[in-house]
Amino acid sequence: MMDKRSKLQARREFLQKTGLQVAGLAALAPVIASRAQAQDKLAPEMVMYQNQPKDNQRCDGCLHFQPPNACAIVSGEIKPEGWCAVWAAKG
Ligand code: SF4
């Protein structure tokens with residue numbers, strides 16, 4: 001049988017472990033939230049999307065382009081020869 005002291009110790013350890021688990025979940029919350037946001041793409045009109053290139057900038061030269069006709073951050077059908085205001089050169 002546990003004496004009073006080891007019961008207290010066991011309780012303390014239990015609380016520490018549980019506390020860590022709760023803290024761990026809380027730490028994950030912003031990650032989960034930002035993932036959810038990442039799935040909500042921007043509307044094409046918000047980023048002035050157009051079906052034509054601008055100067056020498058085209059979607060198929062953009063970091064965010066997902067062939068054949070999508071974009072990681074802008075919703076809807078994206079043409080390889082299109083362009084928008086958040087164009088970013090491929091690495
Ligand atoms: S320019 Fe880039 S960010 Fe904009 S729609 Fe085209 S691929 Fe997406």
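Reply: One begins with confidence: pLDDT is the predictor's confidence in each residue, on a scale from 0 to 100. The model shown here is predicted. The protein averages a pLDDT of 85, and 78% of the residues score at least 70.

Me: Which elements of the protein have the lowest and the highest mean pLDDT?

Reply: A caution applies before the case: where pLDDT is low, the predicted coordinates should not be read in detail. Among the elements of this protein, α1 has the lowest mean pLDDT, at 70, whereas β1 has the highest, at 98.

Me: How many helices and strands are there in the protein, and in what pattern do they follow one another along the sequence?

Reply: The protein contains 1 helix and 2 strands. Their pattern along the sequence is α-β-β. The helix α1 covers 4-39, while β1 covers 65-66 and β2 covers 70-71.

Me: How does one read burial, and what share of the residues is buried?

Reply: Burial is judged by counting neighbours: a residue is buried if 20 or more other C-beta atoms lie within 10 Å of its own, and exposed if 12 or fewer do. Here, buried residues make up 12% of the 91 residues in the protein.

Me: Which residues make up the largest nonpolar core?

Reply: That core has 10 residues: Tyr49, Cys59, Cys62, Phe65, Cys71, Val74, Ile78, Trp83, Cys84 and Trp87. One of them, Trp83, also touches Gln50, Gln52, Pro53, Lys54, Gln57, Arg58 and Cys59, if residues up to four places away in sequence are not counted.

Me: How many residues surround the ligand, and which are the closest?

Reply: The ligand is surrounded by 15 residues, the closest being Cys59, Cys62, Phe65, Cys71 and Cys84. By class, the shell holds 13 nonpolar residues, 2 polar ones and no charged ones.

Me: What is the phi of Met48, and what is that of Asp55?

Reply: Met48 has a positive phi of about 55 degrees, although it is not a glycine. Asp55, likewise a residue other than glycine, has a positive phi near 50 degrees. Met48 is in the loop between α1 and β1, and Asp55 is found in the loop between α1 and β1 as well.

Me: Are these two residues buried or exposed?

Reply: Met48 is exposed because it has 11 other C-beta atoms within 10 Å. Asp55 is exposed because its count within 10 Å is 7 other C-beta atoms.

Me: Which residues does Ala89 touch?

Reply: Ala89, in the segment after β2, touches Gly61 and Leu63, not counting residues up to four places away in sequence. Ala89 and Gly61 are 28 residues apart in sequence and 6.2 Å apart in space, C-alpha to C-alpha. Ala89 is exposed, with 8 other C-beta atoms within 10 Å.

Terms used: Residues numbered from 1 in each chain as written. Predicted model: local features only at pLDDT ≥ 70, side-chain atom pairs only at ≥ 80, totals over all residues. Near = placed C-beta within 6 Å. Nonpolar A, V, L, I, M, F, W, Y, C, P; charged D, E, K, R; others polar. Helix = DSSP H or I, 4+ residues; strand = E, 2+ residues; numbered from the N terminus. Core = buried A, V, L, I, M, F, W, Y, C linked by C-beta atoms within 7 Å. Contact = placed C-beta atoms within 7 Å.
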